[in-house]
Amino acid sequence: MKQWWSGLQASERRMLIIGAVALMFILPYFAIWMPLKNDVAALQQQVKEQQAVKNWMSQASAEVKQLRGVASSKTSRPRGGRSLLAVVDQTAKRQGLGASLKRLEPDGQAAVKVWLEQVSFDGMVAWLTNLEQKNGLAVATITIDRQDIAGRINARITLEAPGA
């Protein structure tokens with residue numbers, strides 16, 4: 001290497017020294033500073049996006065709280081002093097689902113579990129809509145099993161009375 005260096009002319013050596021010094025400044029800039037600068041910019045953009053999501057979630061949370069208050073006031077309709085079991089049983093019979101109603105049991109103070117077999121899907125949906133609109137009962141959980149006869153299902157439903 002020394003032999004190669006001494007074989008170079010003075011101007012060539014000077015150019016190599018200047019190139020090495022320039023490389024000492026340029027290499028760290030492109031290898032360290034630029035990637036760090038780009039990463040910081042990307043992180044700042046992520047922070048802005050996350051702040052926008054947080055703001056949206058805060059607004060949605062306030063709206064949900066407001067709607068819950070409205071819903072609880074709407075759904076706390078009087079059931080005429082009747083128990084949840086009585087309301088569910090009577091409305092099912094009025095909707096023509098009495099034969100399909102196989103089991104009905106309380107699930108705490110504010111919920112009822114209902115088992116329907118070979119019931120018309122459309123009839124069940126109409127009944128559940130009626131329960132929600134007129135009695136303030138909401139479906140907490142529902143499991144539906146399709147049957148061989150078109151439009152007929154087996155269903156396990158948990159109905160809740162919000163605010164009860």
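Tutor: Let's begin with a term: a residue is buried under 20% relative accessible area, exposed over 50% and partly exposed in between, using a 1.4 Å probe and protein chains only. This is a predicted model, where local features need pLDDT of at least 70 and side-chain atom pairs 80 or more, while totals for chains, interfaces and linings use all residues. Residues are numbered from 1 along each chain as its sequence is written, and side-chain values use heavy atoms, without hydrogens and water.

Student: Is W4 buried, exposed or partly exposed?

Tutor: Take the relative accessibility of W4, which is 48%.

Student: How are the rings of W4 and W5 arranged?

Tutor: Rings of Phe, Tyr and Trp (its six-membered ring) pair if their centres lie within 6.5 Å; planes under 30 degrees apart are stacked, over 60 edge-to-face, and the rest tilted. A search of the whole structure finds two such aromatic pairs. In one of them, the centres of W4 and W5 are 6.4 Å apart. Their planes meet at 50°, so this pair is tilted.

Student: And how are the rings of Y29 and F30 arranged?

Tutor: Y29 is partly exposed at 36%, whereas F30 is exposed at 54%. Their ring centres are 5.0 Å apart. The planes stand at 90°, so the pair is edge-to-face.

Student: Which residue lies over the face of W115?

Tutor: Here we look for a charge over a ring: NZ of Lys or CZ of Arg within 6 Å of the ring centre and within 35 degrees of the ring normal. At 4.4 Å from the ring centre of W115, the residue is R103.

Student: What radius of gyration does the chain have?

Tutor: This radius is taken over C-alpha atoms, and the globule rule is 2.2 Å times the number of residues to the power 0.38. For a compact globule of 164 residues, that would be near 15 Å. The C-alpha trace here spans about 110 × 40 × 25 Å along its principal axes. The radius of gyration of the chain is 36 Å.
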